[in-house]
Amino acid sequence: MDSVLQFWRSFISNILSELGNFSLSDWFDVKKTNVLVFVIIFCFLILYFIYHAKRGKSFFIRRIAGLEAVDEAIGRATEMGRPILYVPGLSGLSDVATIAAINILGKVAEKTAEYDTRLIVPCRDPLVMTIQQEVVKNAYINKGRPDAFKAEDIFFITDSQFGFVAAVDGLMVREKTATNFYMGMFWAESLLLAETGNITGAIQIAGTDAVAQLPFFITACDYTLIGEELYAASAYLSREPLLLGALKGQDYSKFILLVLIVLGVVFATLTVTCCTDKFSWFMDLFNIR
Amino acid sequence: MTFWQKLANLDRRIIFGLMFLAVLLPLIFPLGLPIKGTQPPVKAIYDYIEKLPERSVVLISISYDPSTIPELYPMTLAVVRHCFRKNLRVLGVSLTITGVNIGADTLKTAAEEYHKQEGIDYVHLGFQTGLVTFGMGEDIHETYKTDYKRVSLEELPMMKDVRTYKDISLIVDYTASTTSYIGSAVTKYHAVLAVGVTAVGAADLYPYLQTHQIIGLLGGLRSAAEYEILIDRPDKGVIRMDSQSIAHLLILVLIVTGNIAYFITRRRKV
Amino acid sequence: MWKRKLPLAITFIGGVVMIIQFFIPDSNQVSKSFFKILNTTWLPIIGSFFIFIGLASLFRLHYFKIARQREGWGYSVITLASIGGMCILGFDWGIEKGSPITIAYEWVLVPLNATMFSVLAFYMASAAFRAFRARTMVATILLVTAFVVMLGRVSFGTFLWENLPSFTEWIMTVPNMAQKRGILLGVCLGMIATSLKIIFGIERSYLGSKE
């Protein structure tokens, strides 16, 4: 108790002494000014488009094949009378891909509630599992089917990576799932899951931001959401104005980056070919060391 | 079904059987295939360690599971052997629980070969929850407090002058996928980082290599074999390369065969 | 109302504090103290509690399976017995080298994990055989590149052409790096946008149920 009090006393006195001898350089790393500028621009763009979305402006999103196929995949499982498997990735809540996977799960659960198709969601993280149970339960309640919700179909297996994969592979083979969704963060187990699903003849839709695993999903799955398409999924499926606005802001930021990259390539090429230092200021703009 | 149709739709079990033989037979009957040349990212790590003054500290971070031991353990052992040969001090940490024993084994194996003493020439801190990669930048003694055998760091002679990344000359992070040190140790604390990763994960790290955020990269079993040759201690990395070579050859043969069968059957349909 | 507002407020404050913290120089003592609290106090405590949540969920699931004698309930018995057994081994005999738990780790867990990982080799062969067909121009380019890279990574490559490993390295450091960087930029922007949506409370799916 004494050491805890001692710690808090020194922490507060540190704050006070820093404030007493306030100097901007102690509180702001000027080398990161360029990062701050970009963060402000990015936030501004997102908030700007959210504002316009709230005022009723509609935004266009290009067709994403993997998301268009979600309905078809769920319909297939319903017709065949076989369950749907949804693997929400192997990471925890601190991973943004898991949040994106939870969003998509909500939408998939609404459809399975509507069609009365069994939805199996094995989890590797206990905290993620509790949230997913809530999300699926809520989806079923929204669709007026609280009776159809089965909490035991959303379960924790193990936090061991390959133990989890072995269990899910076994599940696929025993339950003969008609549709498999792999959404979220995956590592080496991606091909194990996708290939086993391929062997069982399931239709497979994958989405991950793990760049190293994309080739395996693309090879073995019917549809793959590549990188940021996974993050766009919640906006795409729900068509909620706020989410669409944020997506638009993200796109415009990407456009700005594209322009900067093109300029950087041109200036770097001129620097090398014309043996001049005139354009080094542009490269220095992006330096944070 | 014609022969070519059967070939185009070859039963998986035949492929699995061929792969099993391709991996197993070279392990039983080693071919001794030569490994020529060294990739520049591998050489970069070797050269950096060669230039380190004696008694410099190298942080070996084990962030992998037993599943990737065959690929990552040979490169881990090779680098640790190199460090001990150069009379450098080695600090081991593990960012995964299962990596603790792997790290302990690696350090003990190499230490016995080079007669190094725990506590003086090497220390293994083990696993700790929290933002360890940031915590070590602030104070290793506060982040860990004890080594993995629960001996206080204050009692270990090696740890007396090792408190933050500033006291560490090189970090070598071994991981199955991504490294946690770039955003913390390199960006915030300007530490020097090299990464050992599986072949699949290596492709992702080339952007960081190009921007010099990592000084070198050991990607997969081939890199492990090359490093073993560089330190003149051919071991499991070199031995397993025979299997990898034959397995790759088998996949190439299967791809070519599959494509030939595909084109022939397609032409016949037309 | 507080059930929704409090987590949103905590997320907002936490997110904004971490963004601000990024811009504070490392020499700042307040920032150092903040990190110290986070690393040595909060995160280890929260991390440890997750174990109990996981154990509770696992026990609940398998207990009901055994009690209702559902299909495969025998495996549930094995699962619970294994968890209990490992806990007893660890608590009673410690975790030093040579103890029962390390023997179980080295002779059971390590081979099992390695076995599952090694299945990848077989699956990769069958996936490559099935997928690497020159159906289109793009597929052909993929096929040729995969061919070159695979050959360049093994000993046979140098027999065919001594510069093949260097050419492979060029493929990895130039075209591969360019596309990785492109995907990485997109992913990072998407991550930033999603994180900002979570911080500002636009994205609330992590809270679970809606009211």
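How many residues does helix H5 of chain A have, and what does the helix reach from its first C-alpha to its last? Helix H5 (residues 96-115) of chain A has 20 residues and reaches 29 Å, close to the 28 Å expected at 1.5 Å a residue; that expected span is 1.5 Å times one less than the number of residues. Helices here are DSSP runs of H or I with at least four residues, and strands are E runs of at least two, numbered from the N terminus.

Before going on, a word on the model and its labels. This is a predicted model, in which local features need pLDDT of at least 70 and side-chain atom pairs count only at pLDDT 80 or more, while totals for chains, interfaces and linings use all residues. Residues are numbered from 1 along each chain as its sequence is written, and chains are lettered from A and ligands numbered from 1 in the order in which they are written.

Back to H5(A): 17 of its 20 residues are buried, where buried means 20 or more other C-beta atoms within 10 Å of a residue's own, exposed means 12 or fewer, and partly exposed lies in between, with C-beta atoms placed from the backbone. Just after H5(A), A:Asp116 adopts a positive phi of about 55 degrees.

H5(A) also meets a neighbour in chain C. Its axis lies 10 Å from that of helix H7 (residues 164-199) of chain C, and the two pack at an angle of about 70 degrees; axes are lines fitted to C-alpha atoms, for helices over the stretch in contact, and angles run from 0 to 180 degrees between N-to-C directions. H5(A) and H7(C) are therefore roughly perpendicular, a label for angles of 65 to 115 degrees. On the H5(A) side the contact uses A:Val96, A:Ile99 and A:Ala100, and on the H7(C) side C:Met191, C:Thr194, C:Ser195 and C:Ile198. Contact means C-beta atoms, placed from the backbone, within 7 Å.

Now widen the view to whole chains. In chain A, 53 residues are in contact with 47 residues of chain C. Helix H6 (residues 126-142) of chain A gives the largest share of chain A's side, eight residues. Chain A touches chain B as well, with six residues in contact with eight of chain B.

Finally, the domains, whose bounds come from an automatic or database domain assignment. Chain A is divided into domain 1 (65-237) and domain 2 (240-289), with C-alpha centres 36 Å apart. Chain B has domain 1 (3-30 + 244-269) and domain 2 (40-234), and 39 Å separate their C-alpha centres.

Technical notes: Two residues are in contact if their C-beta atoms, placed from the backbone, lie within 7 Å. Angles under 35 degrees count as roughly parallel, over 145 as roughly antiparallel, 65 to 115 as roughly perpendicular and the rest as oblique.
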